[in-house]
Amino acid sequence: MFGITLAIVAGVFISMQNVFNTRISEKGGSWATTTIVLGIGLMVSIPVFFIMDDANLLDLGGINPIYLLGGVFGVGIVYGLMRGMQELGPAYAVSIVMVSQLAMASSVNTFGLFGFEEMDFTIQKGIGLGLLVAGVLIFKLGGKLRLLERKERGTKKTLYT
C-alpha cells in the first residue's frame, strides 16, 4: 500500500511540476526553465540527503556507469514534458507519457534489462497496454469520433453525452 501511495504522489508531483514548468518557460524560455528547475531540485535534494540518508554521496563504486545517465534523462524529462504540454496541453501530453512509460517498463520487465528479472509479457499485459492506448486516443479524439453518434429525427445526438 505504501508503494501505491508513493506512486500516486509521484504522479501528482510530475503533473504539477510540468504544469508549473510550462508557465515558467513562457517568461524564461525552455532551457532556462530546465536549468532553474533542476538547479532548485539539486539545492533541495542535497540537504535532504544529508538529513535522511546515511550513505556516502559519492560512494558509487561497483555500479554500471551507464546508470549515471539517469541525470541526463532528468533533463530530457523536464524539457520534453514542458514542451509537450506547450504543444499538446497537459492532459494529452501526460497521457502519452503514461503510455510510453508503461511500454518502456514492460520492455524492461519482459527482456530483463538493467538487471531486472525477466517476466513474461502475457496477453493480459498486451490487452492492458492496448486499452491504455485506445483510452488515450478516445480521450484525445473525444467528440470527433463519428462511431459514437447516431441520427435521431434529423439531428445528431452523441451517445457519450
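Modeller: Contact is used here for heavy atoms within 4.5 Å. This is a predicted model, in which local features need pLDDT of at least 70 and side-chain atom pairs count only at pLDDT 80 or more, while totals for chains, interfaces and linings use all residues. Residues are numbered from 1 along each chain as its sequence is written, and side-chain values use heavy atoms, with hydrogens and water left out.

The residue I would pick is Thr34, which lies in helix H2. Helices are DSSP runs of H or I with at least four residues, strands are runs of E with at least two, and both are numbered from the N terminus. Thr34 counts as buried because its relative accessibility is 2%; buried means under 20% relative accessible area, exposed over 50%, and partly exposed in between, with a 1.4 Å probe and protein chains only. When neighbours within four places in sequence are set aside, Thr34 is in contact with Val75, Val78, Tyr79 and Met82. A polar atom of the Thr34 side chain also lies 2.9 Å from the backbone oxygen of Ser30.

Helix H1 comes next. The buried residues of H1 are Asn18, Asn21, Thr22 and Ser25, and they pack against helix H2 (30-52) and helix H3 (70-88). H1 covers residues 2-28, 27 residues in total, and reaches 37 Å from its first C-alpha to its last, close to the 39 Å expected at 1.5 Å a residue. That expected span is 1.5 Å times one less than the number of residues. After H1 comes Gly29, with a positive phi near 90 degrees.

Helix H5 (residues 123-141) has 19 residues and spans 26 Å between its first and last C-alpha, close to the expected 27 Å. Gly142 follows H5, and its phi is positive, near 35 degrees. Within H5 sits Lys140, which is partly exposed at a relative accessible area of 38%. The C-alpha atoms of Lys140 and Tyr92 are 6.6 Å apart, although the two residues are 48 apart in sequence.

For the chain as a whole, there are 5 helices and 2 strands, in the order α-α-α-α-α-β-β. Of its 161 residues, 17% are buried. Among contacts with a separation of 6 or more, 54% join residues 24 or more positions apart. The chain exposes about 12,100 Å², 70% of it supplied by carbon and sulfur atoms; accessible areas come from the Shrake-Rupley method with a 1.4 Å probe, and for residues only the protein chains shown count as cover.

Notes
A polar contact is a pair of N or O atoms within 3.5 Å; within protein, one must be able to donate a hydrogen and the other to accept it, and residues adjacent in sequence count only if both atoms are side-chain atoms.
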